[in-house]
Amino acid sequence: MGSAISSCIQTLPPLGDFLRPTLDAYLVSLNVFQYFPLVSLIQWCTAFHPAGKTSLKNSYLNFPGRLGWFIMEVVGPVNLLYILWTLPPPLNIASLPLPNKLAASLYVLHYINRAIVSPFFAAPSMSPIHAFVVFSAVLFNWFNSTCLAGWIVGYQIPIVLPAYSSTSKPATMPSSPPSSSSSSSLLIPSLGLCLFLLGMAGNIYAERTLFRLRREGAETRPTKKPSSSSQSTTTDSKNRNSNNKNKFSKVYVIPPPTGLFHSILYPHYVCEWLEWLGFALVGTAVLPVSSSSSSVLGSASVATTSSSPIVLAPWIVPFALGADKAGLRFPLPAVLFFVNAVANMLPHARWGRKWYVERFGAKKVAGRGAVLPFCGCL
């Protein structure tokens with residue numbers, strides 16, 4: 001067993017190849033990241049998530065909320081931009097086609113809101129985040145941005161559909177995209193762009209609504225009276241300053257069943273999924289580098305088309321078949337992002353609904369699902 005693991009490790013590309021991913025490193029990253037939904041099964045079994053509403057109060061491994069959130073979310077865009085700027089032509093961002101630049105811009109736009117605007121300018125407060133959550137999110141965002149960067153710079157890897165029986169042979173999808181340049185080929189990416197922007201607007205609106213409700217809840221919350229009238233003026237002043245600083249901390253309210261919250265409790269999750277679904281549709285316009293192209297990284301020639309295929313995970317196959325049937329390029333990393341985002345956030349929404357029931361009572365939650373309208377399970 002040990003020798004098998006050692007042999008596997010030895011066949012991996014050097015670590016430096018993942019920092020500015022070569023084609024082989026890109027293939028390894030895709031193979032690892034497409035199986036994230038298996039890891040997310042653990043999240044269905046436990047409500048342990050030491051962040052936000054369920055953060056641990058007195059852990060030495062806690063990050064301050066805003067700092068932890070910033071670290072988690074900023075890794076993705078920084079890694080993506082680093083790769084796009086440091087790879088040599090024709091792989092770097094200055095040499096890429098417009099659709100590729102658009103995909104990169106949409107990704108960065110989302111994370112400007114997530115990493116900077118939301119924690120530092122919109123959220124009234126943020127609970128401590130455990131180092132385990134920070135590390136897990138950093139790892140997810142690093143893998144995700146590495147896969148997206150390799151795709152955006154035009155790396156091409158043949159896709160093989162798994163054989164489901166001993167008599168069926170794996171089917172290899174063509175690595176070359178459709179050559180149609182008609183205006184109809186822009187319909188799906190245009191719809192995807194509209195869906196992305198609509199989802200982002202809904203996500204921001206729902207999140208800001210929750211922030212507003214927390215502020216209102218803190219302002220209307222009765223203040224505690226001093227336990228003794230003999231307290232000194234200095235102590236009283238310190239307490240008031242402390243209360244003013246932390247008055248939004250751990251103030252949670254259940255959103256009223258109106259607007260986006262009419263039938264679900266986590267519309268900001270659903271809207272984010274719409275964002276990444278739209279992003280994947282935009283990705284059908286992302287252009288690969290020609291199979292005959294190569295560039296020089298240091299003194300080594302870097303191929304842009306792999307001879308080794310990737311065998312898709314079963315839950316990705318329907319998306320690949322749908323793209324093939326529709327005659328569209330299959331944006332595998334963007335689809336992985338969408339699928340993995342749903343796989344990661346769905347169990348959180350389910351446990352979150354249970355938390356709302358325990359905190360505010362079943363009557364106030366009744367009739368609303370976590371992400372599916374009127375569904376008590378989800």
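The model is predicted, so local features are reported where pLDDT is at least 70 and side-chain atom pairs count only at pLDDT 80 or more, while totals for chains, interfaces and linings use all residues. Residues are numbered from 1 along each chain as its sequence is written, and side-chain values use heavy atoms, with hydrogens and water left out.

**The chain as a whole**

- The secondary structure of the chain comes to 13 helices and seven strands, where helices (H or I, at least four residues) and strands (E, at least two) are DSSP runs numbered from the N terminus.
- Of the 378 residues of the chain, 44% count as buried; buried means under 20% relative accessible area, exposed means over 50%, and partly exposed lies in between, with a 1.4 Å probe and protein chains only.
- The chain has an accessible surface of about 19600 Å², and 65% of this surface belongs to carbon and sulfur atoms; the areas come from the Shrake-Rupley method with a 1.4 Å probe, and for residues only the protein chains shown count as cover.
- Among contacts (heavy atoms within 4.5 Å) between residues at least 6 apart in sequence, 83% join residues at least 24 apart.

**Salt bridges**

- A salt bridge is a side-chain nitrogen of Lys or Arg within 4 Å of a carboxyl oxygen of Asp or Glu, and by this rule the count comes to four.
- Glutamate 358 forms a salt bridge with lysine 354, with the closest N and O atoms 2.5 Å apart, and these two residues are four residues apart in helix α12 (residues 332-360), which separates them by about one helical turn.
- In this pair, glutamate 358 is exposed, with a relative accessible area of 57%, whereas lysine 354 is partly exposed at 42%.
- Salt bridges that share partners join Arg114, Glu207 and Arg208 into one network.

**Packing of α6 and α8**

- Helix α6 (residues 98-122) and α8 pack at an angle of about 10 degrees, with their axes 12 Å apart; axes are lines fitted to C-alpha atoms, for helices over the stretch in contact, and angles run from 0 to 180 degrees between N-to-C directions.
- The two helices α6 and α8 are therefore roughly parallel to each other, a term that applies to angles under 35 degrees.
- The contact includes Leu106, Arg114 and Val117 of α6 and Phe196, Glu207 and Arg208 of α8.
- The residues of the contact of α6 with α8 divide into nine nonpolar, four polar and four charged; Ala, Val, Leu, Ile, Met, Phe, Trp, Tyr, Cys and Pro count as nonpolar, Asp, Glu, Lys and Arg as charged, and the others, Gly among them, as polar.

**Phenylalanine 374**

- Phenylalanine 374 lies in the segment after α13 (362-365) and is exposed, with a relative accessible area of 57%.
- Not counting residues up to four places away in sequence, phenylalanine 374 touches Ser263, Gly367, Arg368 and Gly369.
- The C-alpha atoms of phenylalanine 374 and isoleucine 264 are separated by 7.1 Å, although these residues are 110 residues apart along the chain.

Technical notes
Parallel < 35°, antiparallel > 145°, perpendicular 65-115°, else oblique.
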